[in-house]
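Take a walk through this model with the sequence at hand.

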Amino acid sequence: MSNKPALDELWSSVSPSQRTFERSQLSGLPEAARRYLTHAIAPGTPLASAVRLRMHGEIKLGRWLPFTAEQVIHWGRGMIWRATVRMYGMPITGFDRLLDGAGAMRWKLLGIIPIMTASGPEITRSAAGRVTAESVWLPSVLCRDEVAWTVLGALHPQARLTVAGETGEVALTVATDGRLQNLNMQRWGNPGGGQFRYEAFGGVAEQEASFGGYTIPTRLRIGWYFGTNLFETDGEFFRVTIDHAAYK
């Protein structure tokens with residue numbers, strides 16, 4: 001069964017925003033955070049609580065494989081990432097999701113043969129970390145009162161936020177014009193197998209574009225062990241290009 005109905009339902013459950021973004025709303029934030037957010041959101045843009053993304057790229061499952069995907073992030077409810085990965089010409093279809101406090105993964109070869117099924121507290125915690133990192137695709141949520149900003153350096157604002165009970169801190173590196181250059185955080189997971197643990201996770205933003213008043217990174221390289229030599233050799237597993245973003 002396709003997961004598209006669930007993705008459509010999550011998107012249709014979003015109530016359109018009644019508030020718009022003004023720079024004066026950031027007056028209490030550190031200068032580095034203000035620079036990033038004023039670059040990411042144009043004045044007068046509705047402060048969205050959800051984004052719907054279309055994307056393509058490569059994912060590393062032993063070897064690099066092409067994928068196409070659609071994703072909805074609905075802040076407060078979670079996200080669904082629905083994708084088709086091609087392996088030797090055969091489709092692997094399924095989803096990763098964090099929905100109403102529960103994480104799950106379901107993937108099938110040819111839409112029939114289960115090849116990965118996972119759920120439970122560890123998957124939920126890891127998925128919550130993913131949503132925290134992906135807040136850069138929905139920067140309006142980083143303007144919320146419950147998000148705490150600190151500064152690690154003049155070009156390094158850090159946001160502390162809670163997703164599905166998991167509190168995380170995502171550190172950004174921004175250019176002098178506010179453009180996002182990379183992000184990193186400690187995310188719960190088990191890269192390489194073994195016990196779940198907090199591990200360095202992040203990505204490099206190589207390109208950006210604007211959609212509906214939001215300027216977001218549209219080409220990224222993402223993976224574990226970010227900030228170490230292992231990122232390039234063992235950690236990087238996701239190369240993505242955002243083709244379209246819609247906000248609500």
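This is a predicted model. Arg77 has 22% relative accessibility, so it counts as partly exposed; the cut-off for buried is under 20%. Its side chain meets that of Asp100 in a salt bridge, 2.9 Å from N to O.

Now turn to Arg130. Its salt bridge partner is Asp96, with the closest N and O atoms 3.2 Å apart. This pair also links distant parts of the chain: Arg130 belongs to helix H3, Asp96 to strand S4, and 34 residues separate them. Both Arg130 and Asp96 are buried.

What surrounds H3? Helix H3 covers residues 121-133 and reaches 19 Å from first to last C-alpha, close to the expected 18 Å. Ten of its 13 residues are buried, so the rest of the structure largely encloses H3. Ile123, Ser126 and Val131 are among the buried ones.

Strands S9 and S10 join H3 in giving two or more residues each. S10 provides the largest share, four residues. The lining divides into three nonpolar, five polar and two charged residues. The cavity volume is about 30 Å³.

Finally, back to charge pairs. The whole structure holds 18 salt bridges. One joins Arg221 and Glu232 at 3.5 Å, N to O. Arg221 lies in strand S12 and Glu232 in helix H4, so the pair ties together parts eleven residues apart in sequence. Both belong to a salt-bridge network that also includes Glu58, Glu206, Arg219, Glu236 and Arg239.

Technical notes:
Residues are numbered from 1 along each chain as its sequence is written. This is a predicted model: local features need pLDDT of at least 70, side-chain atom pairs count only at pLDDT 80 or more; totals for chains, interfaces and linings use all residues. Side-chain values use heavy atoms; hydrogens and water are left out. The expected span of a helix is 1.5 Å times one less than its number of residues. Buried means under 20% relative accessible area, exposed over 50%, partly exposed in between (1.4 Å probe, protein chains only). On a 1 Å grid over the protein atoms alone, a cavity is a set of points where a 1.4 Å probe fits but cannot get out, and a pocket is an open set with protein on both sides within 12 Å along at least five of seven lines; lining residues have an atom within 4 Å of a point. Grid points are joined across faces, edges and corners, and a volume is the space filled by probe spheres set on the points. Ala, Val, Leu, Ile, Met, Phe, Trp, Tyr, Cys and Pro count as nonpolar, Asp, Glu, Lys and Arg as charged, and the others, Gly among them, as polar. A salt bridge is a side-chain nitrogen of Lys or Arg within 4 Å of a carboxyl oxygen of Asp or Glu.
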